[in-house]
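Here is a friendly briefing to read with the model open beside you. Take a moment to look around before starting on the points below.

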Amino acid sequence: MIVPKSKIKKEELIYPIKFYLKSKVLSKEILVHVDENQCMNFMDWLNRNKYAENIQSWEFFVFDDIKTKENIVIMRNEIQAFKMPRVQEIDADNYRIILQVGGF
């Protein structure tokens with residue numbers, strides 16, 4: 001979906017990330033609402049970017065959920081799959097919003 005930049009303030013966007021976990025103890029889906037900064041930090045963590053500055057540990061990632069005001073810890077080895085929106089700048093006037101799907 002292509003959206004004009006004038007209609008979106010990227011710094012105010014909330015990115016819902018849905019995780020599907022391998023664990024049978026907890027519910028199999030976890031929904032986390034994050035801002036762009038946390039989203040980018042998560043992608044750095046996921047890709048093991050050695051130049052990332054805000055990584056607490058490579059084994060787990062701590063999210064600060066914007067809606068629930070909770071801290072949510074996701075273990076790398078528990079992620080089966082995830083879905084998250086991605087905002088991509090395509091030209092001077094427009095963004096493209098796509099659903100990114102990933103997993104291990």
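Are Phe 19 and Phe 63 buried or exposed? Phe 19 is buried, and Phe 63 is buried as well; buried means under 20% relative accessible area, exposed means over 50%, and partly exposed lies in between, using a 1.4 Å probe and protein chains only. Please keep in mind that this is a predicted model, in which local features need pLDDT of at least 70, side-chain atom pairs count only at pLDDT 80 or more, and totals for chains, interfaces and linings use all residues. Residues are numbered from 1 along each chain as its sequence is written, and side-chain values use heavy atoms, with hydrogens and water left out.

**The overall layout**

- The protein has one helix and seven strands; helices (H or I, at least four residues) and strands (E, at least two) are DSSP runs, numbered from the N terminus.
- Along the principal axes, the C-alpha atoms fill a box of roughly 45 × 30 × 25 Å.
- Of the 104 residues in the protein, 33% are buried.
- The protein exposes about 6,900 Å², and carbon and sulfur atoms supply 51% of that area; accessible areas come from the Shrake-Rupley method with a 1.4 Å probe, and for residues only the protein chains shown count as cover.
- Among contacts with a separation of 6 or more, 48% involve residues 24 or more positions apart; a contact means heavy atoms within 4.5 Å.

**Aromatic rings**

- A pair of aromatic rings is described by the distance of the centres and the angle of the planes.
- Rings of Phe, Tyr and Trp (its six-membered ring) pair if their centres lie within 6.5 Å; planes under 30 degrees apart count as stacked, over 60 as edge-to-face, and the rest as tilted.
- The structure holds nine aromatic pairs.
- One of them joins Phe 19 and Phe 63, a tilted pair with 5.6 Å from centre to centre and 50 degrees between the planes.
- This pair links distant parts of the chain, as Phe 19 is in strand S2 (residues 15–21) and Phe 63 is in strand S4 (residues 60–64), 44 residues apart.
- Phe 42 and Phe 63 have ring centres 5.4 Å apart and planes at 50 degrees, so this pair is tilted.
- Here the link runs from Phe 42 in helix H1 (residues 36–46) to Phe 63 in strand S4, 21 residues apart.
- Ring pairs connect Phe 19, Phe 42, Trp 45, Phe 61, Phe 63 and Phe 82 into a cluster.
- Arg 76 lies over the face of Trp 45, at 4.1 Å from the ring centre; a charge sits over a ring if NZ of Lys or CZ of Arg is within 6 Å of the ring centre and within 35 degrees of the ring normal.

**The nonpolar core**

- The largest nonpolar core has 24 residues, and those with the most contacts inside it are Ile 17, Phe 19, Phe 42, Phe 63 and Phe 82.
- Such a core is a set of buried Ala, Val, Leu, Ile, Met, Phe, Trp, Tyr and Cys residues joined through side-chain atoms within 4.5 Å.
- S2, S3, H1, S4, S5 and strand S6 (79–89) each supply at least two residues of this core.
- H1 gives the largest share, five residues.
- The buried residues of H1 include Phe 42, Met 43, Trp 45 and Leu 46.
- Leaving aside residues up to four places away in sequence, Phe 42 touches Ile 17, Phe 19, Phe 61, Phe 63, Phe 82 and Met 84.

**A salt bridge**

- Side chains of opposite charge can pair when their charged atoms come close.
- The count comes to one salt bridge, where a salt bridge is a side-chain nitrogen of Lys or Arg within 4 Å of a carboxyl oxygen of Asp or Glu.
- The side chains of Lys 18 and Glu 29 form this bridge, at 3.8 Å from N to O.
- Lys 18 lies in strand S2 and Glu 29 in strand S3 (residues 29–34), so the pair ties together parts that are 11 residues apart in sequence.
- Lys 18 is partly exposed, with a relative accessible area of 30%, and Glu 29 is partly exposed at 44%.

- His 33 lies in strand S3 and counts as buried at 12% relative accessibility.
- Thr 68 is in the loop between S4 and strand S5 (71–75) and counts as partly exposed at 43% relative accessibility.
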